[in-house]
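This briefing concerns the strand pairing and helix packing of one protein model. Please consult the sequence and the coordinates shown here alongside the points that follow.

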Amino acid sequence: MMSATTPAQAEQSAPKHMRAPVPVQTRSERFTSTEVTDFPEVTGREAMWKYTPVARLADLLTGELDGSPYVYDATTASGVSTEWVGREDARIGTAGTPEDRASANAWTHFQQALLVRIAGAEHKEVTLTRSALGGAARAAHTVVEVAEGANATLILQNSGSAHLAENVEFLLGAGADLTVVSVQEWDDDALHVAAHFAELAEGARLKHVAITLGGGVVRLNPSAHLAGARSDAELLGAYFADATQHLEQQVYVHHDGPETRSRVTYKGALQGEGARTVWIGDVLIGPKAVGTDSYEQNRNLVLTDGARADSVPNLEIETGDIVGAGHASATGRFDDEQLFYLQSRGITEEEARRLVVRGFLFEIVQRIGSPALQDRLQAAIEAELTTSVAAAS
């Protein structure tokens, strides 16, 4: 006599694209795969895509992508090397696996990965520049391997035209200390969808800073897995959206090891008809992550009518033995009293608005730790304010 098949067994035996959706109970239970065909077509109704203009990203979600090596520039420093490696390299896939179709499409199509190796306890600063990607739909994969005890600042500088889907992995060895600054100063028509995965060993420290000032649609999703005991992650972001720009970030911090710490702070300003920003922050404190100390926050400053900021903080705790955990979110307009105070001191309304926005965003920039880069980014924000805030006043 044959035994009956239960609904659950039938569900698991069915092809992935035919399975009924199962509610995800926790952030870590999301489906992952490196194959784009394992993901259904994106409709824009999915939880992870409902804020995104998916029609503008159609080629990156479903189309063929050029995954060949591209032209880049890298500054030199002792203990730092770059090279192209094949898909079979054992380090690829160590830090994370795609959770959405765009990331999987990039993973499916890249031919070689750019490997950045960093070693040596003495601090060094390296800039990796991409400015000639062009307008063709492209896939890319980067692996940043930081040796045990190494200390570095890595600047990922993006500019020019782009139509890019990519994955970037950061592998931090025990006691490693890495500051990575991803700067998006793309042309106005650029499309950029990126997933950043970081894996932290025992005692490793990561400061991940995302600065987004340019691009038509930019969706940069960083995630940090605090696997090792006493690892520490600080995820920072600053963004300024103009009319028709869509700037999005979905942040994920997974506390897995004991006595880990994280701080997430993202701040954005937006102005102009159709300007849109999205921030989603997920923090998961796993059952083994005793002694966790975590806090995430997002602040948005809306400068004009017609602009919209979405902010969604989420916190999941699976152990009661923690130091602390919390989250906060706020979106608002200029403080009239603040403007009145500045104007009462003889400052024009236009300049007062610039001062407020400058101070609002510079808080993030000043925490990078690289004086030369901080000065350059402050000048870039000033240029944005010169053309944008004047129109908003």
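Strands β6 (residues 151–160) and β8 run parallel and are joined by 10 bridges; strands here are DSSP E runs of at least two residues, helices are H or I runs of at least four residues, and both are numbered from the N terminus. Two strands count as paired if DSSP finds at least two bridges between them. The model is predicted: local features need pLDDT of at least 70, side-chain atom pairs count only at pLDDT 80 or more, and totals for chains, interfaces and linings use all residues. Residues are numbered from 1 along each chain as its sequence is written, and side-chain values use heavy atoms, with hydrogens and water left out.

**Strand β8 and its partners**
- Leu 154 stands opposite Val 180 in β8.
- Strand β8 is also joined to β10 (residues 205–214), by 9 bridges and in parallel; there, Val 181 stands opposite Val 209.
- Of the 10 residues in β8 (177–186), 8 are buried, meaning under 20% relative accessible area with a 1.4 Å probe, protein chains only.

**The nine-stranded sheet**
- An open sheet of mixed pairing is formed by 9 strands in the order β2-β3-β5-β7-β9-β11-β13-β15-β17.
- Because β2 (80–86) and β17 (308–317) each have a single partner strand, one side of each edge strand lacks a neighbour in the sheet.
- Strands β11 (residues 217–226) and β13 (residues 246–255) pair in the parallel sense over 7 bridges, and Arg 219 has Glu 248 in β13 as its bridge partner.

**Helix packing**
- Helix α3 (residues 101–109) packs on the sheet, touching β5 (138–146), β7 (163–172) and β9 (191–200); contact means heavy atoms within 4.5 Å.

Note on methods:
Buried means under 20% relative accessible area, exposed over 50%, partly exposed in between (1.4 Å probe, protein chains only). Axes are lines fitted to C-alpha atoms, for helices over the stretch in contact, and angles run from 0 to 180 degrees between N-to-C directions.
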